[in-house]
Amino acid sequence: MICSYCGTEVLEDSCSFCGATLNIKRPKLKEFVVLEDVERPFNELECFHTYDLLVLLRLVRKERTKAYDLMLTLKKAGKSPQIDQATVNYSEEQEVLVQTLHSAKTGI
């Protein structure tokens, strides 16, 4: 029997080189892994292949990054300057006045 971890030829139930037990069933690669798999209990995740766990970790980190970026965006939006209504009204009045003067000057 050959150890699936280190490739050593072994005649016993455990590898003499790396100590891995050889009589247990090894996990197989899944076709796809989805983010919802994160909610599975540990004893189910324990049966996932290492590569599947790494893919799942990448998905979780991507979601965490999205959530963090959204939080920063909301934090920045809360600190944006507020313009009071009096300033808005004044700027609208000035715009109307400029348009009136421009139309009177051009004769339109």
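Where does F48 lie relative to helix 1 (42-45) and helix 2? F48 is placed in the loop between these two helices, where helices (H or I, at least four residues) are DSSP runs numbered from the N terminus. The structure is a predicted model, in which local features need pLDDT of at least 70 and side-chain atom pairs count only at pLDDT 80 or more, whereas totals for chains, interfaces and linings use all residues. Residues are numbered from 1 along each chain as its sequence is written, and side-chain values use heavy atoms, with hydrogens and water left out.

View 1. F48 counts as buried because its relative accessibility is 5% (buried: under 20% relative accessible area; exposed: over 50%; partly exposed: in between; 1.4 Å probe, protein chains only). Leaving aside neighbours within four places in sequence, F48 is in contact (heavy atoms within 4.5 Å) with P27, K30, D37, R40 and L53.

**View 2. The nonpolar cores.** The largest nonpolar core consists of six residues, V33, L45, F48, V55, L56 and L59. Helix 2 (residues 50-78) gives the most to this core, namely three residues. A second, separate core of five residues has V10, C15, A20 and L22 among its members. A nonpolar core is here a set of buried Ala, Val, Leu, Ile, Met, Phe, Trp, Tyr and Cys residues joined through side-chain atoms within 4.5 Å. F48 and A20 are 28 residues apart in sequence and 17 Å apart in space, C-alpha to C-alpha.

**View 3. The salt-bridge network of D37, R40 and E44.** These three residues are linked in a network of salt bridges (a side-chain nitrogen of Lys or Arg within 4 Å of a carboxyl oxygen of Asp or Glu). R40 meets D37 at 3.1 Å, N to O, and the closest N and O atoms of R40 and E44 are 3.4 Å apart. D37 is buried, with a relative accessible area of 8%, whereas R40 is partly exposed at 35% relative accessibility and E44 is partly exposed at 36%.

**View 4. The E63 and K66 pair in helix 2.** A salt bridge joins E63 to K66, with 3.4 Å between the closest N and O atoms. The two residues are separated by about one helical turn because they are three residues apart in helix 2. E63 is partly exposed at 34% relative accessibility, and K66 is partly exposed with a relative accessible area of 49%. The count of salt bridges comes to three.
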